[in-house]
Amino acid sequence: MNPDLPSEAAEYGAGAARAFASLGGLDAARRAEVDPAERGRSVARALEALGADQLDPRADPDAAAAAGELCRAAGRVMLPYPVVPLLLRTGGAPLAVVGEGRLRVDHGDLFDEWRVATVDGRAQAAKPASSRLATKLGPFVVDLSPGGPQAEPAHRDVAFHLTLSAWLVLGVIERAVELAVEHVSGRVQFGQALSSFQAVQFQLADAAVGVEGLRELCRFTLWRLFADPERCQPDALAVRLHALETARTVLRTTQQLHGAAGLCDEYDISILCRHVQPCLRLPFGSERTALELAGAVERMGFDSLFPHGARSAVG
Amino acid sequence: MIWAPSSAQTTSGESDLDYDFGDRAAELRGRLRQLIADEIPPGYLGAFTDDPADLEVAQRFCHRLADEGLLTVAWPKEYGGAGGSVWEQTVVREEMWAHHEPRGAQYMGLNWVGPAIMAFGTDEQKQRFLPPIAAGDVIWCQGFSEPDAGSDLASLTTRAEPDGDGWRITGQKIWTSYAEMAQWCVLAARVGTATAKKHEGITMFLVPMDREGISVRPIRSMLGRHHLNECFFDDVWAGPDEVLGGVGNGWSVIRRALAHERVGIVRYARCDRLLSAFAEEEGVPELLRARWARALVDVRVARLLAYRAVREQEAGEPRDATASIARLAVTQCDQQVAEVLFQAQEDRSLEAGADAPVAGAVEDHWRYAQAATVASGTIEIQRMIVSRHLLGGRK
């Protein structure tokens, strides 16, 4: 029993964080919104320099942990690039998880060929079919058109996608709490720092519980993907659900603690809250995810101390 | 830095990111479940009911665990334990709490009174007090909280006045669990006059509950008998050999005790078992499928946060904030699961006893869960600890 990350993975994640900082941190996202082509230049080069194209999280647990740390680092700056799809490419085509209807993908315009899959693993080829939404909450979202079904199901890849997306959300909320701590420590009202108010302190404490809980669940889920690959769908949906619900409360709290400033794009919290939305909304939000999880538990069980659903790994 | 697959091989030989407790712990879990199946009657809801037979079950079970060498699995071998790992200790805590703590009140002696005596006691105290705890023969209670010293425990006013070579203790304690059934009490009292530093002067005494001057009054509550009592200490004698950890050093003992309590009560384990048992017995109501799934995730997260605190203990680097984060998650999970189960029971939630769903375990759990965010330090105190850690010196 050891819930700690391999040191090599942690070091790789630290290297990624330094590389993204050299891009300007969240300024890279700001620049990409003005000039979307920037994503394919400096951001793609930074990922290439990190060897992200050689990193396959499906290969072994250490590579998966390194990929998780890469995604967490990307989330901290809301890196304007489809990092999770890139890590799960097959034959050069990145992987996106989509809903039953519209094939809506963040940064869908950056690749000519995609592999898309539904949560239950049905895969097909797809290619960009629209211009970017270019909205406040979906600046880089593109609709794809189907390019024909693929025989090979993508169950395991989907589980990795859901899990690594949760790692990305972990980076987002981890950074959001840091930003809130910085803000309430420096902002003076009623003659004292906001951080001296117990109501503020308690909100930060609850946010920290959310971050640490998601961190532990992300790590545990990566382990499950290798420990029980045939029955890890409930685990991937569980971490996805927890990421969505934790992000909702932590981002709301941390943006609120910034006051009106939190709504302004000069402040990093605003960029984080806007740019993470495609990750939280695509292919669907928490309510449908919870129902998908309930169904998966009923079919496949849920690893725990006692049996749940169809079976239990511990019993 | 480029990720190179060849560098991914771990050189330490230890497996990182591995949640398997190992064969020894799995075997231990199996033995404990078999013992519970053999010794504990179906529908058992713990030792603290109105039925004295339930206390007898717990006392018998403790002796059986002691005979099997399982009562002190995690104690060091020099004190009669098995020298088990923190993970084996975790297995014991999980299985006991999941099955309504069939060790009864003795968990407190095992979890923290014994370890505190090992850490702070004299050789004579170790020889006198540890063997009865290890044998499952003795129940301890803790005299900490007072009517005007709850979360602000250091404000306690129970006084110990010098008298010859010993002390005379006078004061009132409250919320004292198991005081009626306990043979011994770890009692916090103040020696000398109060100073600007409230923690100074606090001293821990180990006193028998049948000593002259001690009286106990049960407090009626939704938790049931034995959980809450008032204890009155009226000029109670304590000898010099009954001081634990030295005069004025009581706060160190209390901090250690509370640190053990924060991670020692693994409420997620009972949540896990009850969700499983209810689904098996009654099925998951269609209306609650999504909420049920969320509850399973919450239980898993609470368990993992508790494991993080255990991991820090194992590494010799326990942090107060980690233990408090775990406690915030575990206690709130306890209440959420209680509510989900009550929603599932609908109008049968008001029933209690053997004829109620899951033999009354859900009703018992809901009542007991209401105390989760108060007992052993309120969650407000835990939030203060966490925010202090987050803000550091910037507040």
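Visitor: What covers the buried residues of helix 9 of chain A?

Guide: The cover includes helix 2 (27-34), helix 6 and helix 8 of chain A. Helices here are DSSP runs of H or I with at least four residues, strands are runs of E with at least two, and both are numbered from the N terminus. The model is a predicted one, in which local features need pLDDT of at least 70 and side-chain atom pairs count only at pLDDT 80 or more, while totals for chains, interfaces and linings use all residues. Residues are numbered from 1 along each chain as its sequence is written, and chains are lettered from A and ligands numbered from 1 in the order in which they are written.

Visitor: What makes helix 9 of chain A largely enclosed?

Guide: A residue is buried if 20 or more other C-beta atoms, placed from the backbone, lie within 10 Å of its own, exposed if 12 or fewer do, and partly exposed in between. Six of the eight residues of helix 9 of chain A are buried, so the helix is largely enclosed by the rest of the structure. These are Asp268(A), Ile269(A), Ile271(A), Leu272(A), Cys273(A) and His275(A).

Visitor: Why is helix 6 of chain A called roughly antiparallel to helix 9 of chain A?

Guide: Helix 6 (residues 155-186) and helix 9 (residues 268-275) of chain A pack at an angle of about 155°, with their axes 10 Å apart. The axes are lines fitted to C-alpha atoms over the stretch in contact, and angles run from 0 to 180 degrees between N-to-C directions. Angles under 35 degrees count as roughly parallel, over 145 as roughly antiparallel, 65 to 115 as roughly perpendicular and the rest as oblique. The pair in chain A is therefore roughly antiparallel. From helix 6 of chain A, Val172(A), Arg175(A), Ala176(A) and Leu179(A) make the contact with Asp268(A), Ile269(A) and Leu272(A) of helix 9 of chain A; contact requires C-beta atoms, placed from the backbone, within 7 Å of each other.

Visitor: How do you know whether helix 7 and helix 9 of chain B are roughly parallel or antiparallel?

Guide: Helix 7 (residues 267-282) and helix 9 (residues 320-345) of chain B pack at about 15°, with 9 Å between their axes. That angle makes helix 7 of chain B roughly parallel to helix 9 of chain B. Among the contacting residues are Tyr268(B), Leu275(B) and Phe278(B) of helix 7 of chain B and Val330(B), Val337(B) and Leu341(B) of helix 9 of chain B.

Visitor: What makes strand 4 and strand 5 of chain B a pair?

Guide: Two strands pair if DSSP finds at least two bridges between them. Seven bridges join strand 4 (residues 184-191) of chain B to strand 5 of chain B, and the two run antiparallel. Arg190(B), for one, has Ile202(B) of strand 5 of chain B as its bridge partner. Strand 5 of chain B also pairs with strand 8 (residues 243-244) of chain B, in the antiparallel sense over two bridges; there, Met204(B) is partnered by Leu244(B).

Visitor: How do you know that strand 5 of chain B is largely enclosed?

Guide: Six of the seven residues of strand 5 (residues 202-208) of chain B are buried, and the strand is therefore largely enclosed by the rest of the structure.

Visitor: What makes strand 1 and strand 2 of chain A edge strands?

Guide: Five strands of chain A form an open sheet of mixed pairing, in the order 1-3-4-5-2. Strand 1 (95-97) and strand 2 (103-106) of chain A each pair on one side only. Within chain A, strand 4 (residues 123-128) and strand 5 (residues 141-149) are antiparallel partners over four bridges, and Pro128(A) stands opposite Leu144(A).

Visitor: Which peptide bond is cis?

Guide: The bond from Leu282(A) to Pro283(A) is cis, with omega near 5°. Pro283(A) lies in the loop between helix 10 (277-281) and helix 11 of chain A.

Terms used: Two residues are in contact if their C-beta atoms, placed from the backbone, lie within 7 Å.
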